[in-house]
Amino acid sequence: DDHNKENLFNSLNYDVAAKKRKKDLLNNKAKIQYFHQEKWIYVHKGSTKERHGYCTLGEAFNRLDFSSAILDSRRFNYVVRLLELIAKSQLTSLSGIAQKNYMNILEKVVQKVLEDQQNIRLIRELLQTLYTSLCTLVQRVGKSVLVGNINMWVHRMESILHWQQQLNNIQITRPAFKGTTLTDLPLCLQLNIMQRLSDGRDLVSLGQVAPDLQVLSEDRLLWKKLCQYHFTDRQIRKWLILSDKGQLDWKKMYFKLVRCYPRKEQYGDTLQLCRHCHILSWKGTDHPCTANNPETCSTSLSPQDFINLFRF
């Protein structure tokens, strides 16, 4: 009898745990609205009777229209970089609603990449960064590190692994295009196009497409300009590497420098802060500024600048 009671007790505990996990997963799958999707917001450290103060990163993240921004090719990389920075160090500063909103926007980013098959490596790196952070944070659940119970976060981590698998399974199909291709252009134009790539990994990948491109992708001047674009002369002088011919090996130097210093960030569009009225908005977005020359009051913000804006 005691044995049967023990089995029954264990069975009931199992059923309760299973039902609770199912409920947690259903709650987690419920999509929240992207709030007001506002084009601009006031940013104030405090509140007054006339104006509410947005003093946290989570509030700004919830109210600004990031869900539409990822559909704009000029803003996509900016939002992805912001998501990466939040994943690295700011997840615990977000409210529960902001954390859920973060995951919903991330899912929308992944779906966009799966559909258009662009920026695959960029999103792989973002997902890996987030998964690594969550592996550390989940172990500390119960110490007010993450908002929510363990089942919800385990489910989110399972979603990340699923997205990673989907990205790994992408098969890039060659377009049925018989017109002029990159290799049909004069060598000087091919080199000019390659000089516009700001990531050395893209140059290496491009060089694997065709033998002619492989030769161009090894051009010393190309790698020299890439090093000088991303790094200061002082940083470059600290990591001089000579080739077997006694010349500076700019390609090896670039990849060494990338491991030691951050690369210069460039974005087609950024958020900007009006110093006169403390309004945060995307470039080109009209806001009710009372300055005589609103254009002179705006300061472009990098993703890191955006995060720093809410540190106090």
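This is a predicted model: local features need pLDDT of at least 70, side-chain atom pairs count only at pLDDT 80 or more; totals for chains, interfaces and linings use all residues.
## Ground rules

Local features need pLDDT of at least 70, side-chain atom pairs count only at pLDDT 80 or more, and totals for chains, interfaces and linings use all residues. Residues are numbered from 1 along each chain as its sequence is written, and side-chain values use heavy atoms, with hydrogens and water left out.

## Aromatic pairs

Rings of Phe, Tyr and Trp (its six-membered ring) pair if their centres lie within 6.5 Å; planes under 30 degrees apart are stacked, over 60 edge-to-face, and the rest tilted. The count is 13 aromatic pairs. One of them joins Phe61 and Tyr102. Their rings are tilted, 6.1 Å centre to centre, with 35° between the planes. Phe61 belongs to helix H2 (residues 57–63) and Tyr102 to helix H5 (residues 96–116), so the pair ties together parts 41 residues apart in sequence. Helices here are DSSP runs (H or I, at least four residues), numbered from the N terminus. Both Phe61 and Tyr102 are buried. Buried means under 20% relative accessible area, exposed over 50%, and partly exposed in between (1.4 Å probe, protein chains only).

Trp223 and Phe255 form another tilted pair, at 5.6 Å centre to centre and 50° between the planes. This pair links distant parts of the chain, 32 residues apart: Trp223 is in helix H11 (residues 220–230), Phe255 in helix H13 (residues 250–260). Trp223 is buried, with a relative accessible area of 1%. Phe255 is partly exposed, at 24%. Ring pairs also build a cluster, with Phe61, Tyr102, Trp282 and Phe310 among its members.

## Charges over rings

A charge sits over a ring if NZ of Lys or CZ of Arg is within 6 Å of the ring centre and within 35 degrees of the ring normal. Lys112 has its charged end over the ring of Phe76, 4.9 Å from the centre. Lys264 lies over the face of Tyr229, 4.5 Å from the ring centre.

## The largest pocket

Domain 1 (55–169) and domain 2 (183–260) each supply at least three residues; the domain bounds come from an automatic or database assignment.

Terms used: Helices (H or I, at least four residues) and strands (E, at least two) are DSSP runs, numbered from the N terminus.
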